[in-house]
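Hi,

Here is the structure I promised to pass on.

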Amino acid sequence: MKIRGHHLLCMQLFKGEGYNDKFTEGMKSVIQKTRASGTEVEIITKADVICKNCPNCIGENQCRLGTKDVDAKDKNVIEALSLQGKTYSYNELRELLRKKMDEATFDRICGTCRWYKAGLCSYQAFLDSFI
Ligand code: SF4
Ligand code: SF4
């Protein structure tokens with residue numbers, strides 16, 4: 001399965017809120033599939049299986065909320081986790097997030113996002129997701 005970099009954070013913090021029902025159901029399904037044992041995940045920097053169900057996906061790799069911004073978020077996550085161009089299991093990715101995502105990096109990546117500004121995503125919620 002191909003997942004864009006910053007969606008690793010979104011999947012970790014997802015609480016059932018979304019842009020519409022299709023998006024929310026799609027997100028739940030992707031999270032479930034990703035967590036299934038044996039699923040290999042490749043981290044990419046373009047539209048993915050989550051974007052496919054999103055009303056903000058407005059064409060080939062274009063995001064209504066800011067294509068450059070979401071692309072930069074992807075790259076920042078890949079850099080922060082030192083991801084190599086290979087596949088990972090969900091547990092491996094989760095462990096890398098837990099070990100390598102510090103507060104300053106999280107805030108830099110998520111600070112421009114509406115869900116962060118609305119208080120639904122925070123570094124504390126990110127930490128809590130590992131408990
Ligand atoms: S603040 Fe935005 S980019 Fe960050 S985890 Fe939440 S939804 Fe994803
Ligand atoms: S299209 Fe944009 S807002 Fe929608 S899931 Fe993809 S990156 Fe997120």
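Below is what I found, starting with how to read the model.

This is a predicted model, so local features need pLDDT of at least 70 and side-chain atom pairs count only at pLDDT 80 or more, while totals for chains, interfaces and linings use all residues. Residues are numbered from 1 along each chain as its sequence is written, chains are lettered from A and ligands numbered from 1 in the order in which they are written, and side-chain values use heavy atoms, with hydrogens and water left out.

**The sheet**

Let's begin with the strands. Helices (H or I, at least four residues) and strands (E, at least two) are DSSP runs, numbered from the N terminus. Two strands pair if DSSP finds at least two bridges between them. Here three strands make an open sheet with mixed pairing, in the order β1-β2-β3. β1 (2–4) and β3 (87–88) are at the edges with a single partner strand each, so one side of each has no neighbour in the sheet.

β1 and β2 (residues 41–44) run parallel and are joined by three bridges. Along that pairing, K2 is opposite E42 and R4 is opposite I44. β2 and β3, on the other hand, pair in the antiparallel sense over two bridges, and there E42 faces T87.

**The two ligands**

Which residues surround ligand 1? They are H6, L9, C10, L13, C110, C113, W115, Y116 and C121, where being near means having a heavy atom within 4 Å of the molecule. Helices α1 (7–13) and α6 (114–117) each supply at least two residues of this shell, and α1 gives the most, with three. By class, the shell has eight nonpolar residues, one polar and no charged. (Nonpolar means Ala, Val, Leu, Ile, Met, Phe, Trp, Tyr, Cys and Pro; charged means Asp, Glu, Lys and Arg; the others, Gly among them, are polar.)

Around ligand 2 you'll find R4, H6, H7, Y19, F23, C51, C54, N56, C57, C63, L65 and V70. That shell divides into eight nonpolar, three polar and one charged residues.

**Cysteines**

Most residues other than glycine have a negative phi. With that in mind, look at N61, whose phi is positive, near 60°, though N61 is not a glycine. N61 is in the loop between β2 and α3 (67–80) and is partly exposed, at 27% relative accessibility. S82 is another non-glycine with a positive phi, of about 50°. S82 lies in the loop between α3 and β3, and its relative accessible area of 38% makes it partly exposed.

**One last residue**

E103 belongs to helix α5 (residues 103–110) and is partly exposed, with a relative accessible area of 46%. Its C-alpha atom is 13 Å from that of D128, a residue 25 positions away along the chain.

Happy exploring!

How values were computed:
Buried means under 20% relative accessible area, exposed over 50%, partly exposed in between (1.4 Å probe, protein chains only).
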